[in-house]
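User: Could you walk me through this structure step by step? I am new to reading models like this.

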Amino acid sequence: MEKIAQRPQSLSSLQFTYCPGCVHGVAHRLIAECIDELELRNSMTGVAPVGCSVFAYKFFDFDMAQAAHGRAPAVATGMKRARPEMNVFTYQGDGDLAAIGTAEIIHAANRGEHITVFFINNAIYGMTGGQMAPTTLPGMKTSTSPYGRDADDIGHPIKVAEMLNTLDAPYFIERVSLLSPAEINKAKKATLKALQYNKEERGFTFVEFIATCPTGWGIDPVKSLAWAKENMLPVFPIGNFRDKGAAQ
């Protein structure tokens, strides 16, 4: 019998430990498939965050490093500058990247560092108890906003892709969704392009994944997909913000 699907070589054989319905595993597979297709596995190094995906260094089967909370872009910058022959990416959640790591992501992007950043946006702190994140939607209830996020008091959600798009240096910026098979296929195309530019030393590339957190949101996995489509996509619309290579 012909095998038409298999685990990417860039993923380890360990079973994911994410909650049921969590799409971190989907994002991991997309990244791993693209690394394999681009033949980058032997030159790739990833930087794992602090958060639900802290164990990404166990799930990817190539060199990985663990950064302090929010500092993945700084660590990746040091790696790439010290070993320019390597390809380097970071994998970060919204608390890691958009809260404690805001300075690191902005300045790495502003310098046009030759790294790729994968940003998982599920609008909540998943690992530490479902607290409000910088990306939490107005009116959204969390363990630290039980009456809903009050945008007049707490501020509005930070739109990272749009924020980075105000900078001159980034080469590629796109927001994608992991909420349906069709959207996952589109997400893979963006992931592949970001890593292709990484391979070609084009500059800073960034992909934001709209994701779910059924456990943190307190709803079942199927309903979480519908909830995200209805509530997250209007605030964080998917699309390409920057592709300097498209006109070449």
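**A loop residue and some helices**

Analyst: Let's start with Asn122, which is found in the loop between strand 4 (116–121) and helix 6 (151–154). Helices (H or I, at least four residues) and strands (E, at least two) are DSSP runs, numbered from the N terminus. Residues are numbered from 1 along each chain as its sequence is written, and side-chain values use heavy atoms, leaving out hydrogens and water. This is a predicted model, where local features need pLDDT of at least 70 and side-chain atom pairs count only at pLDDT 80 or more, while totals for chains, interfaces and linings use all residues.

User: Does Asn122 count as buried or exposed?

Analyst: Buried means under 20% relative accessible area, exposed over 50%, and partly exposed in between (1.4 Å probe, protein chains only). Asn122 has 8% relative accessibility, so Asn122 counts as buried.

User: Which residues does Asn122 touch, not counting residues up to four places away in sequence?

Analyst: Contact means heavy atoms within 4.5 Å. With residues up to four places away in sequence not counted, Asn122 touches Asp94, Ala211, Thr212, Cys213, Trp217 and Met232.

User: What span should helix 8 have, and how far apart are its end C-alpha atoms?

Analyst: The expected span is 1.5 Å times one less than the number of residues. Helix 8 (residues 181–199) has 19 residues, so it should span 27 Å, and this agrees with the distance between its end C-alpha atoms, 27 Å.

User: Which residues of helix 8 are buried, and within what arc do they fall?

Analyst: The buried ones are Glu183, Ala187, Ala190, Thr191, Ala194, Leu195, Tyr197 and Asn198. The arc is that of the directions from the helix axis to the C-beta atoms. Seen down the axis of helix 8, these buried residues line one face of the helix, because they fall within an arc of 155 degrees.

User: Which exposed residues does helix 8 carry on the face turned away from its buried side?

Analyst: Look at the face of helix 8 turned away from the buried side. The exposed residues there are Pro181, Asn185, Lys186 and Lys189.

User: How are helix 1 and helix 8 oriented to each other?

Analyst: Axes are lines fitted to C-alpha atoms, for helices over the stretch in contact, with angles from 0 to 180 degrees between N-to-C directions. The axes of helix 1 (residues 24–37) and helix 8 come within 9 Å and cross at roughly 45 degrees. Angles under 35 degrees count as roughly parallel, over 145 as roughly antiparallel, 65 to 115 as roughly perpendicular and the rest as oblique. Helix 1 and helix 8 are therefore oblique.
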